[in-house]
Amino acid sequence: MSEHLSFCRICAAACGIVVTVDEGQVVKVRGDAGHPVSRGYTCEKGRALPQWHHSPNRLDSPRLRGRTVGWDDVLDDLAAIIDETKSNDGADSIGLYLATGLAYDSAGQVSCGMWMGSVGSTSFYTAATVDNAPVLVAAEAVAGHPMLNPVWDPEQSRLLILLATNPVVSHGYGTTLADPVRRLRENQAVGGQVWTIDPRRTESAKLSDNHLQVRPGSDVILLAALVRELFADERCRDTLASTCHDSDIDRLARAVLPFSLDAAELATGCSRQLIDELVVQLRSNFGRLAMFCGTGTTMATDGIVVEWLRWVLLAMTNSLDVVGGMRFNEGVVNRLAPVRPGTPALDGPPSRPELVRIAGQLPVAALVDEIEDGRLKVLVVTGGNPLSAFPEPDRFRQAVALLDALVVVDVADTDLCDLATHVLPAVGQLERADLTLAEQVAFRSGMQFTASIVEPEADRRPVWWILGSLAARSERPMFGGTPLDALSDEGILAGLLGHGPLDASDVIGAGSRGVDLAPTYGWVRERMLVDSRWRIAPEAFVERLALHKGPEVGLLLVPRRESAWSNSVRFAGSGDEPVVVLHPDDASLRGIVAGDWVALTTEHGSLVATAGIDGTLRPGVVSVTHGHPGSLTGTITNSRVDVDPLTAMPRASGLPVRVDKLGM
């Protein structure tokens, strides 16, 4: 029996783990007490990695149209289809969707971009336009680059606002947070305050100093009112004057003028006293504010406005790119460079000209339209399942029949594999080496490396090998034409480190506990911004704020996360049964008790699930776990109606719903 240091790659928190192996069997995973960030913490998903790794649901062998075949057979067939399709319909008829399951496979993630370049296609989709696009769009508009992301520094900041995010369960969104409970408590122990703004008394809200239990959709009015109040503070006005253009400041001041604290009290349904206290805290923690949002707002109608106003609050309290506020990680591999003014943008989806690309990516809301219009002929899905993540799963299921090939690259067998023409089994996280490439959201400035812990079983292959082998069958091979047999995980990762500030041998030698880079401040304003000025009042955002209607009436749907699940994948616990959660008062009015079967209906469709009763919800709010394979929230959302033209995101939070008890 042996023990190996590694780090978990279920999410971007990258917690250090100790993996126990007995004759090739992974028998136990525990937290690494010597890891400088996670400090012995790991969640139940991480501890369940042995069960996940040895799951009978793992993919072991390639499949070609439902038959188990060898790698040469499946790759030869697929390469021939791609070559013919590209010749007949052009390179953009070949598309790739990169989802969360591959996001933390560092060599695999990079190889996806390399393979798309080999094909010559720009038909690139990612999960960012499922749940995260407002973050990218706001960052690009305000700071000039979609990947610029402010990170919480609990040792410096003194006021943390969690808006529609629950890091105790999700480990953060804008800042990935290992050991979340202890981090929040440590910040409070040195005088910090934590405020949660959320319709549910989440696990994070229970640890907070104060909780504004707002109506879904009222956050825009609340944040705009807070910005208006801060204009009365001379320090905030002086900060704006020194970091923003005068024209932007004037436009912002006029935009928030209609949004008073009285309006915020009415819209949120929260006490005026608590809202006033938040204003006091913002003023008294000038220069020491941190704030990040989650899917509760990013998936809502005006998620882009919420993200923009978050940037505004941080900018006017002098809490961006300074010690005490939120910092920006320069990165080791993904070092950011300014976007050159005048750089032409790629065209959006021809089938949906009203939608735009987000950070160079086509929006998933248009993917089925592209198939139906005959523009997308081959779709490669890496590490995800559109049937559980996309709106209108039945429409996607029908459109698949129009493809020349549906290719699934994954570690586990899913219902998507049943539809696929080509199934390509990838290695799991314990069977590959990795780096931590989610640098712009990382709690730590630096880099971690892990070697593989066990040898790949059966016919599983690394994603870089799969895509490299496919490209080798074309006129444009990857990796400069180097034979794949001469490459390895470590060699590819060392190459990624080759142009950064850290020596590859130092990073690999340090292993999973990593190498630190000293945090830097001021570099974004100095190097990334035009005239060193935040663009705090983009006209498109100001116009959207003027059109904001406030929260809807009636029962409203909000998404949630569960500690045992990562999107559609259950790592721990039991119970695949979908649950619709209601407040006790709302359940009582409808004669619903826990365990009843109910239908949850929107204007777009319905789903059937078991009722759960939860007093932590605000009355009038219904909650469903996003991405749960049984819930299929895509059946109650739509890819054509209520799609935000600024972010191309379908609305999945704040939706009016009806809940009906089924049977008697």
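# Briefing: charged pairs, sheets, cysteines and a buried loop

Arg182 counts as partly exposed, at 36% relative accessibility; the classes are buried for under 20% relative accessible area, exposed for over 50%, and partly exposed in between, computed with a 1.4 Å probe on protein chains only. The model is predicted, so that local features need pLDDT of at least 70 and side-chain atom pairs count only at pLDDT 80 or more, while totals for chains, interfaces and linings use all residues. Residues are numbered from 1 along each chain as its sequence is written, and side-chain values use heavy atoms, with hydrogens and water left out.

**Salt bridges**

- The structure has 42 salt bridges, each being a side-chain nitrogen of Lys or Arg within 4 Å of a carboxyl oxygen of Asp or Glu.
- Side chains of opposite charge can pair when their charged atoms come close.
- Arg182 takes part in a salt bridge with Asp179, at an N to O distance of 2.8 Å.
- Asp642 and Arg651 meet through their side chains in a salt bridge of 3.2 Å, N to O. Asp642 is partly exposed, with a relative accessible area of 38%, whereas Arg651 counts as buried at 8% relative accessibility.
- One network, joined by salt bridges that share partners, is made up of Arg352, Glu354, Asp369, Glu372, Glu392, Arg395 and Arg640.

- An open sheet of seven strands runs in the order 5-4-14-13-12-6-7, and its pairing is mixed. Strands (E, at least two residues) and helices (H or I, at least four residues) are DSSP runs numbered from the N terminus, and two strands pair if DSSP finds at least two bridges between them.
- Strand 5 (67–68) and strand 7 (123–126) are the edge strands, each pairing on one side only.
- Four bridges link strand 6 (residues 94–98) to strand 7 in the parallel sense.
- Across this pair, Tyr97 stands opposite Tyr125 in strand 7.
- Helix 5 (residues 106–119) packs on the sheet and touches strand 6, strand 7 and strand 12 (378–382); here contact means heavy atoms within 4.5 Å.
- The direction of helix 5 makes about 170 degrees with that of strand 6. For such angles, axes are lines fitted to C-alpha atoms, for helices over the stretch in contact, and the angles run from 0 to 180 degrees between N-to-C directions.

- Strand 19 (residues 556–560) pairs in the parallel sense with strand 25 (residues 621–625) over five bridges.
- Within this pair, Pro559 is found opposite Val624 in strand 25.

**Loop between strands 1 and 2**

- Arg9 belongs to the loop between strand 1 (2–7) and strand 2 (16–22), and it counts as buried at 5% relative accessibility.
- The side chain of Arg9 makes a polar contact of 3.2 Å with the side chain of Ser6. A polar contact is a pair of N or O atoms within 3.5 Å; within protein, one must be able to donate a hydrogen and the other to accept it, and residues adjacent in sequence count only if both atoms are side-chain atoms.
- A polar atom of the Arg9 side chain also lies 3.1 Å from the backbone oxygen of Phe7.
- Neighbours within four places in sequence aside, Arg9 is in contact with Tyr104, Gln429, Leu430, Arg432, Asp434 and Thr450.
- Ala14 is likewise found in the loop between strand 1 and strand 2, and Ala14 is buried, with a relative accessible area of 8%.
- With neighbours within four places left aside, the contacts of Ala14 are Phe7, Cys8, His35, Thr436 and Gln448.
- The C-alpha atoms of Ala14 and Ile81 are separated by 38 Å, the two residues being 67 residues apart along the chain.

**Cysteines**

- There are zero disulfides in the structure, a disulfide being a pair of cysteine sulfur atoms within 2.5 Å.
- Cys15 is in no disulfide, and the nearest cysteine sulfur, that of Cys11, is 6.2 Å away. Cys15 counts as buried at 7% relative accessibility.
- For Cys293, the closest cysteine sulfur is that of Cys270, and at 16 Å it is too far for a bond. Cys293 is buried, with a relative accessible area of 3%.
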